[in-house]
Amino acid sequence: MEEELLRLQQEACRDLAALHDLNDLEPFRVQYLGRKSEFTGLMRQLGQAAEADRPRLGKLANEIKIDLEKLFAAKKTELEEAARLGLTGAPALDLSLPGRTAPFGKLHPVTQVMEEICAIFEGMGFGVAEGPDVETDFYNFEALNIPKHHPARDMHDTFYVNESLLLRTHTSPMQARIMEKQRPPLRMIAPGKVYRCDSDITHTPMFHQVEGFLVDRKVSFGDLRGILGVFIAKMFDDKTAMRARPSFFPFTEPSAEIDIACVICRGQGCRVCKQTGWLEFLGAGMIDPEVFKQVGYDPEEYSGFAFGLGVERIAMLKYGINDIRLYYENDLRFLAQF
Ligand code: DAH
């Protein structure tokens, strides 16, 4: 009898473990714990066992029964929970399987380059400030020595909101906004979006610039070259040569276009640099005394330099991209490479 009890216990445990469906619970209960089950039959036969064995066997049978009922209740809870989570019919959850990773998003390549540019200048002690995309005609032009009807306005292809409001065409207005509020010494960069009514393989109507300027006593063009040299060395490498060509901007005097040796052919001449060995990199110059007067600085006391660079352009050079529009078509096959 004892053997039979133990065998039944084993069978019941094995069958219970194999149950995966709520509908199989009731047949199991009937088979092993019901009034007509083999187990109940064995319990009834207890009375016929030798009197000396009866207490021991009774105790064993009871323990087995209580045990089975507990296991059965636990199984029931497990299957009900599985049903609630919609896992019925599925094989038991395998907790040892590795998880499925969700694809990670990334920063846009232009954002990455912009952050890199800012980090390099922050490393040289420049503060960062951002200004409004919708700008006044005053800050975008007048304060930068570009009065109404000045021919330099033609270069900007401006989107006007109304007579006096526009989408800023460059980040230079931040020079005036910051200088107006603070006194030298000043070292600032201003990253942000700018807008021009222009679109082809090297222009998009919205693009990004980083403006930079430094004002103090006795600032020279040599300081500008020094700072830009460090920037170029960190952005590309310290073997990348730079040169300054005379240029014109109403808010700087003298003004320069800064070129760097072509990062594709290393100055040998190729399609990207149009065989010149040089790439236009940014506009810069010594801040014009007229700009200082607008913000109430004495041009006899202070001098400073300023520069403005196009972020997309630098990103194109850095990654060897020849069509700026790729950055804004949102093709994930393109964007995921960065
Ligand atoms: N604002 C000019 C542009 O968008 C770029 C520029 C040139 C900025 C010379 C400067 C500068 O600060 O000194 O074309």
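This is a stop-by-stop tour of a predicted model.

Residues are numbered from 1 along each chain as its sequence is written, and side-chain values use heavy atoms, with hydrogens and water left out. Because the model is predicted, local features need pLDDT of at least 70 and side-chain atom pairs count only at pLDDT 80 or more, while totals for chains, interfaces and linings use all residues.

**Stop 1: helix α8**

Select residues 221-235. This is α8, a helix of 15 residues. Helices (H or I, at least four residues) and strands (E, at least two) are DSSP runs, numbered from the N terminus. From first C-alpha to last, α8 reaches 21 Å, close to the expected 21 Å. The expected span is 1.5 Å times one less than the number of residues.

Now color Leu224, Ile227, Leu228, Phe231, Ile232 and Met235. These are the buried residues of α8. Buried means under 20% relative accessible area, exposed over 50%, partly exposed in between (1.4 Å probe, protein chains only). Why do they fall on the same side of α8? They cover an arc of only 135° around the axis. The arc is that of the directions from the helix axis to the C-beta atoms.

Show what these residues pack against: α5 (109-123), β6 (242-249), β7 (252-261), β8 (278-287), β9 (303-310) and α10 (311-319). Contact here means heavy atoms within 4.5 Å.

Step back to Ser220. Ser220 caps the N-terminal end of α8, with a side-chain oxygen 3.2 Å from the backbone nitrogen of Gly222.

**Stop 2: Phe121 in α5**

Select Phe121, which lies in helix α5. Its relative accessible area is 0%, so Phe121 is buried. Leaving aside neighbours within four places in sequence, Phe121 is in contact with Phe126, Ile189, Ile227, Phe231 and Phe307. Two of these contacts, Ile227 and Phe231, are among the buried residues of α8. Phe121 and Ile189 are 68 residues apart in sequence but 7.5 Å apart in space, C-alpha to C-alpha.

**Stop 3: α5 against α10**

Show both helices. Their axes come within 9 Å and cross at roughly 100°. That makes α5 roughly perpendicular to α10. Axes are lines fitted to C-alpha atoms, for helices over the stretch in contact, and angles run from 0 to 180 degrees between N-to-C directions. Angles under 35 degrees count as roughly parallel, over 145 as roughly antiparallel, 65 to 115 as roughly perpendicular and the rest as oblique. Residues making the contact include Val113 and Ile117 of α5, and Ile314 and Ala315 of α10.

**Stop 4: the loop between α6 and β3**

Go to Arg153, in the loop between α6 (137-140) and β3 (165-167). Is Arg153 buried or exposed? At 12% relative accessibility, Arg153 counts as buried. Its side chain makes a polar contact with the side chain of Asp137 at 3.0 Å. Another, of 3.4 Å, joins the side chains of Arg153 and Glu142. A polar contact is a pair of N or O atoms within 3.5 Å; within protein, one must be able to donate a hydrogen and the other to accept it, and residues adjacent in sequence count only if both atoms are side-chain atoms.

Select His149, in the loop between α6 and β3. His149 has a positive phi of about 70° although it is not a glycine. His149 is exposed, at 77% relative accessible area.

**Stop 5: two cis peptide bonds**

Select Pro184 and Pro185. A cis peptide bond joins them, with omega about 0°. Pro185 lies in the loop between α7 (173-181) and β4 (186-195). Finish at Glu253 and Pro254, joined by a cis peptide bond with omega about -5°. Pro254 sits in strand β7.
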